[in-house]
Amino acid sequence: MGGVAPENKEVFFDDIYKRNVDTVYRLCYVYLKNIADAEDAVQSIFLKLLDSDISFSNRNHEKAWFILTTKNHCKDILKSWWKVRKVDVESLPDLPSKVGYELSGNVLEKLLELPAKYKIVLFLYYFEGYSVKEISSLLGDKESTIQTRLSTGRKRLKFTLGGFYEKSYP
């Protein structure tokens, strides 16, 4: 977007927003585990884009920027003073929510309970369709590490679902 005339910047931003908002929202939800925080984070991430002079070389670069920026922003939120000292969510009454896509049973709930290193890899692989090699590049980890996290994450998810959740994985 660097060097783009102001009126054209709005058009480019609109296109970029439409292409990436769903992915950014879902990643924020995976990290932050609630709709309100996820929506706030999405807004902040797109404001970062507007404030930056970044120029994307292609759509893969664009998507990688959003994934890394989202990951880093959500991690900052999770370790912030406010988030650490919030009231425990378990003590609040349950409210119905909709994330925008459905998973059978309570798979999403159990996925969100996994440690971040497993849930982000599982999310990128199964929901966003990234390969192990692409995830490795995006997260800056070795491919073998990503494969191990996928395997361990699947096992942990299966176990938390009571060990009876049988599904073939691609």
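**Figure 1. Crossing of helices α7 and α8 in the predicted model.** The axes of helix α7 (residues 132-139) and helix α8 (residues 143-160) come within 8 Å and cross at roughly 110 degrees. Here an axis is a line fitted to C-alpha atoms, for helices over the stretch in contact, and angles run from 0 to 180 degrees between N-to-C directions. Helices α7 and α8 are therefore roughly perpendicular to each other; angles under 35 degrees count as roughly parallel, over 145 as roughly antiparallel, 65 to 115 as roughly perpendicular and the rest as oblique. Two packed helices are described by the angle between their axes and the distance between the axes.

Residues are numbered from 1 along each chain as its sequence is written, and side-chain values use heavy atoms, with hydrogens and water left out.

**Figure 2. Residues at the contact of α7 with α8.** On the α7 side, V132, K133, I135, S136 and L139 meet E143, I146, Q147 and L150 of α8. Contact means heavy atoms within 4.5 Å. By class, this contact has 5 nonpolar, 2 polar and 2 charged residues. Ala, Val, Leu, Ile, Met, Phe, Trp, Tyr, Cys and Pro count as nonpolar, Asp, Glu, Lys and Arg as charged, and the others, Gly among them, as polar.

**Figure 3. Aromatic pairs around F66.** The structure holds 9 aromatic pairs. In one of these, F56 and F66 are tilted, at 6.3 Å centre to centre and with 35 degrees between the planes. F56 lies in the loop between α2 (35-51) and α3 (59-78) and F66 in helix α3, so the pair ties together parts that are 10 residues apart in sequence. W65 and F66 form an edge-to-face pair, with 5.0 Å centre to centre and 85 degrees between the planes. Rings of Phe, Tyr and Trp (its six-membered ring) pair if their centres lie within 6.5 Å; planes under 30 degrees apart count as stacked, over 60 as edge-to-face and the rest as tilted. Both F56 and F66 are buried, F66 with a relative accessible area of 2%. W65 is also buried, at 17%. Buried means under 20% relative accessible area, exposed over 50%, and partly exposed in between (1.4 Å probe, protein chains only). Ring pairs link F13, Y17, F46, F56, W65 and F66 into a cluster.

Figure 4. L112 is placed in helix α5 (residues 107-113) and is buried, with a relative accessible area of 6%. Apart from its neighbours within four places in sequence, L112 is in contact with Y29, V30, K33 and K119. The C-alpha atoms of L112 and V30 are separated by 6.0 Å, although these residues are 82 residues apart along the chain.

**Figure 5. I35 and the protein chain as a whole.** I35 lies in helix α2 and is partly exposed, with a relative accessible area of 24%. Between the C-alpha atoms of I35 and Y25, 10 residues apart along the chain, the separation is 8.9 Å. The protein chain comes to 8 helices and 0 strands; helices (H or I, at least four residues) and strands (E, at least two) are DSSP runs, numbered from the N terminus. Of its 170 residues, 38% count as buried.

Conventions:
Predicted model: local features only at pLDDT ≥ 70, side-chain atom pairs only at ≥ 80, totals over all residues.
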